[in-house]
Amino acid sequence: MESVLRLQGISTDTHVGLLDIEHLRPLVVASAPGANVESLATTEAAIKASRSSANYVLLMDAKAVPSFVQALGGDPSSMVAVIAIGNGDGPSAGTLRAMGVMAVVVDPTETSLRGLIRRGMELRALRALELAHRCESRRLVRREMDLMGYPPETMTDDLNTYQPPPLPVGPISTYNLEEASESFERAYIDRVQHLCASAREAAQYLDVSAATLARRTRKEGTGAINGA
Amino acid sequence: MVVDRAGLADTVRAIADRLGAQVDVMAYASVLEVLGERGPASAAGLVASAQATGPFLADLLRWTDREHQERVPAAVVGKDSDEEALGAVLGKEHVRWVDTGEIEARLTAWLPLALEVHDLRAYRAQHDAIAAQLREARTRIYVGEIDHYNPPEGPPCGPPLPTSIEEIQSLKEAKAQFERGLIRAAVRESGSLKDASAALGISYTSLWRRMR
């Protein structure tokens, strides 16, 4: 699994998020060697972790699951592996499973958690790979439409959804690293700017200085695409 | 696939040879042979001469005009004065008009396009098949049917653009992921590291270092 993730440029770092089960941290650390075990203070933090591109598994108190699922706005099983701990006075195991929880553990041990966390990591990694293949497939469709012409019903004038080209395929694509890389960077910065409230926030997420972002935006003309 | 009664098939073969493309050229003398029971189900591209297709050109182009992701890239060779043929081509985005005076140049430009569309579809099919396999494996892992799955290597993918703030990676990470895929794509297309480095516009040493 790790070699395929690396081959596709996907991070192999693993994270385990704990929500309302801080007392189990030593056990989780022992069960997930090599993973970053992080305490998630609020449901919002757990949601953020679920939606991130990092390889997360969430362990949470069974009682915290309903509010988490509600805040997530749907079944978490398609997004992240959730392992619920203890269900003495919380929802039943069946209810938790129906909510999209991957596993319910009443009395966690190092052995039981180790297997489940590894399973959860696999689930998340497969999701990342699947997403990468689906996105590449969509971009290939767009490229095909560019070459063949768009049938009238699929024409769009939505300039805000500027997409980078797919990875090059065939004899007429551009393989030039600098050119393709700049094109990707332009699309990436453009998308991040759409998602963020300000240029400063975008720079923070992109991990570049505001001055660097401004320079790149100017150079690449992303401001014009943005309509900014 | 070529529909013609003169030497158009040989021209296409010669262009393919010159471009170094491996193309199986199927030659037909009439539209009826293509649309008849023994005709092919599909092709990676169609070159038809308006003179050979006559009034049946529209039927032949209808045969290429399938669901928009399965349209057959086509080129129609004819005289600019042939209004009937021009009318049949009009409005069909996937069909290129080639004037008889510039067959060589126009088909030399068109053939790589048809080949690229063919490759795009082949790789898309691979991506879709792998995505379906991964989805199934993910479901089986979720329900506990299996604990582990070895995913196929698959063709290279660029990083998906983020759809929410939480998905944003640093620019450096995202670019590194993109460049890794681009390098794999160049090596795939070129077949050798030397040719790939030329296509990428970087030195062989630089490519070697990046691949490590």
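**Exercises on a predicted two-chain model**

In helix H8 of chain B, spanning residues 193-200, the buried residues are Ala196(B), Ser197(B), Ala199(B) and Leu200(B). The model is predicted.

**Exercise 1.** Explain why the buried residues of H8(B) lie on the same side of the helix, and find what covers them.

*Solution.* 
- Step 1. Apply the cut-off: a buried residue has 20 or more other C-beta atoms within 10 Å of its own. In H8(B), Ala196(B), Ser197(B), Ala199(B) and Leu200(B) are buried.
- Step 2. These residues cover an arc of only 160° around the axis, so they sit on the same side of H8(B).
- Step 3. Look for the cover. It includes helix H7 (177-195) of chain A.
- Step 4. Gly201(B) follows H8(B), and its phi is positive, near 75°.

**Exercise 2.** Describe the side of chain B that touches chain A.

*Solution.* 
- Step 1. Count both sides: 65 residues come from chain B and 63 residues from chain A.
- Step 2. List the elements of chain B that give two or more residues: helix H6 (103-142), H7 and H8.
- Step 3. Pick the main contributor. H6(B) gives the largest share, 20 residues.
- Step 4. Sort this side of chain B by residue class: 33 nonpolar, 14 polar and 18 charged.

**Exercise 3.** Work out how strands E1 and E2 of chain A pair and connect.

*Solution.* 
- Step 1. E1(A), residues 14-19, and E2(A), residues 36-40, run parallel and are joined by five bridges.
- Step 2. From E1(A) the chain passes through helix H2 (residues 25-31) to E2(A), a right-handed β-α-β crossover.

Definitions and conventions. Residues are numbered from 1 along each chain as its sequence is written. Chains are lettered from A and ligands numbered from 1 in the order in which they are written. This is a predicted model: local features need pLDDT of at least 70, side-chain atom pairs count only at pLDDT 80 or more; totals for chains, interfaces and linings use all residues. A residue is buried if 20 or more other C-beta atoms lie within 10 Å of its own, exposed if 12 or fewer, and partly exposed in between; C-beta atoms are placed from the backbone. Helices (H or I, at least four residues) and strands (E, at least two) are DSSP runs, numbered from the N terminus. The arc is that of the directions from the helix axis to the C-beta atoms. Two residues are in contact if their C-beta atoms, placed from the backbone, lie within 7 Å. Two strands pair if DSSP finds at least two bridges between them. A crossover is right-handed if, with the strands pointing away from the viewer, the path from the first strand over the helix to the second runs clockwise. Ala, Val, Leu, Ile, Met, Phe, Trp, Tyr, Cys and Pro count as nonpolar, Asp, Glu, Lys and Arg as charged, and the others, Gly among them, as polar.
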